[in-house]
Amino acid sequence: MSTYNPYDNVAATIRDAAGKLGLPENEYIELMRPERQLTVSIPVRMDDGSIKVFEGYRVQHSTLLGPAKGGLRFHQDADETEASALAAWMTFKCALVGLPYGGGKGAVKVDPTKLSKGELERLTRRFATAIAPIIGPHLDIPAPDVNTNAEVMGWIMDTYSTLKGYTIPGVITGKPLDIGGSLGRPEATGRGVMIVTRELLKKLNVPIEKMRVVVQGMGNVGSVSADLISKLGATIVGVSDVSTGIYKESGLDIPDIMRFLSTRGNLLKDYKGSGISFISNDDLLLLDTDILIPCALENQINNANAAKIKAKYIIEGANGPTTVEADKILDDRGILVIPDILANAGGVTVSYFEWVQNLQAFRWEEEEINNRLEVILCKAFRSVYEIHKENNTSFRTSAYMLALKRLAAVKRIRGVFP
Ligand code: NAD
């Protein structure tokens, strides 16, 4: 675990795709490193009167296609390397689905479960102040990620607006509805996971009703993915959160689990569903299932477990859940992996709709949002599928080939300054 460097994953994937496209290094070398990285200190007055200083990051990997775009994570293991890798994945994701955005990501190294609500708000507002010089609706637009939510986005919008002296909803997406959030945004990433899963099975002529599904990480992405996929008729046999996994052969009651987890602080280890058994997160990934949907963190499918995975299809709800080595093992074993930059692109797509609504000071109906999301993701899926068929490349390599081709074309037009 200690030698794992997610940015190495990114670099290897870019090189692989560039090689397949026959791109000379000059055409993609700028994408091998982030454009801008900011590390900040965040002093916070704790409830007991003491002051603690946390470290935060905002990385802009690329602004070639537009303002940087990407989430903010609060996690005790966050660091600049992780934020850089996550920012790079955003660059390729936005290029892949055709959004006018570059890639960014931010994080604070903190375990938010150890903070009171007041401490969390003070930390968020001070972090927003520290990164304010490099964010903005035409510069870099953050969004929710692991352990951050609409409430945190609202504090950031308010802090940034207060600093500038007027209300600027377009500085951040994933906000509460009342302050310019978008209908459909909380469900967007999971909805996207459902759409690509459905499209993959359609292409393969596999009925979704016959599918048994395991979801790792019942947070924002995992819970909505599980819910919408079970509504299409699949059986969700296993799910997990940071505390434990749970399993039920005849299918878990996902709405009931979501209701239970919606209370702040509730964890699956305390869930009492009928007929469930508990299982470790490690064993959950190895369950005999058709579809595995990792929706937690990076590096979950790695050298140590890739050879033992039994799922036929892996849909990456999380960013970077599979290492490069594991990818190769899965590919050799004929396990199909729908990569993160396609599978979880629903979130940034509806974030884009939210930003467009903010810039226009206009609201769209949820039906319009969901329909537009369908169109964008189905098109991206079809394009990746065609490259996969034509070149006999994995879905990941195919997705990167498409994204890199678009990025390189824009680079050629824009040139190198000066
Ligand atoms: P979240 O904080 O809402 O949920 C994370 C879930 O993972 C929780 O259930 C948590 O308990 C679980 N978890 C944490 N550590 C774990 C571990 N070691 N083992 C097993 N489970 C663990 O976060 P989220 O927003 O759902 O994000 C999940 C993943 O999806 C991340 O990789 C994130 O970057 C990615 N993602 C999120 C969005 C979004 O819109 N929120 C968009 C695209 C991608």
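Two strands count as paired if DSSP finds at least two bridges between them. Helices (H or I, at least four residues) and strands (E, at least two) are DSSP runs, numbered from the N terminus.

This is a predicted model, in which local features need pLDDT of at least 70 and side-chain atom pairs count only at pLDDT 80 or more, while totals for chains, interfaces and linings use all residues. Residues are numbered from 1 along each chain as its sequence is written, and side-chain values use heavy atoms, with hydrogens and water left out.

**Five-stranded sheet**

An open sheet with mixed pairing is formed by five strands in the order β1-β2-β4-β3-β5. β1 and β5 (140-144) are at the edges with a single partner strand each, so one side of each has no neighbour in the sheet. Direction ignored, neighbouring strands here are turned by 25 degrees against each other on average.

The pairings in the table include two of β2 and one of β5.

| Strand pair | Sense | Bridges |
|---|---|---|
| β1 (residues 36-45) and β2 (residues 51-62) | antiparallel | 10 bridges |
| β2 and β4 (residues 103-109) | antiparallel | six bridges |
| β3 (residues 68-75) and β5 | parallel | five bridges |
| β6 (residues 212-216) and β7 (residues 235-240) | parallel | five bridges |

S41 has E55 of β2 as its bridge partner, and Y57 has A107 of β4. G71 stands opposite A143 in β5. β1 and β2 form a hairpin with five residues between them, and G49 in the turn has a positive phi of about 95 degrees.

**Seven-stranded sheet**

Another open sheet, also of mixed pairing, holds seven strands in the order β9-β8-β7-β6-β10-β11-β12. Its edge strands, β9 (277-279) and β12 (336-338), each pair on one side only. From one strand to the next the twist averages 20 degrees. Within this sheet, V213 stands opposite I236 in β7.

Helix α5 (residues 185-203) packs on the sheet and touches β10 (291-294), β11 (313-315) and β12, where contact means heavy atoms within 4.5 Å. The direction of α5 makes about 155 degrees with that of β11. Axes are lines fitted to C-alpha atoms, for helices over the stretch in contact, and angles run from 0 to 180 degrees between N-to-C directions.

**Helices α1 and α13**

The axes of helix α1 (residues 6-21) and helix α13 (residues 395-414) come within 9 Å, crossing at roughly 75 degrees. The two helices are therefore roughly perpendicular to each other (angles under 35 degrees count as roughly parallel, over 145 as roughly antiparallel, 65 to 115 as roughly perpendicular and the rest as oblique). On the α1 side, the contact is made by T13, I14, D16, A17, A18, K20 and L21, and on the α13 side by R396, T397, Y400, M401, L404 and K405. By class, this contact has seven nonpolar, two polar and four charged residues. Ala, Val, Leu, Ile, Met, Phe, Trp, Tyr, Cys and Pro count as nonpolar, Asp, Glu, Lys and Arg as charged, and the others, Gly among them, as polar.

**Cysteines**

The structure holds zero disulfides, a disulfide being a pair of cysteine sulfur atoms within 2.5 Å. The sulfur of C94 is 18 Å from the closest cysteine sulfur, that of C378, which is too far for a bond. C94 is buried at a relative accessible area of 0%, and C378 also counts as buried, at 11% relative accessibility. Buried means under 20% relative accessible area, exposed over 50%, and partly exposed in between (1.4 Å probe, protein chains only).
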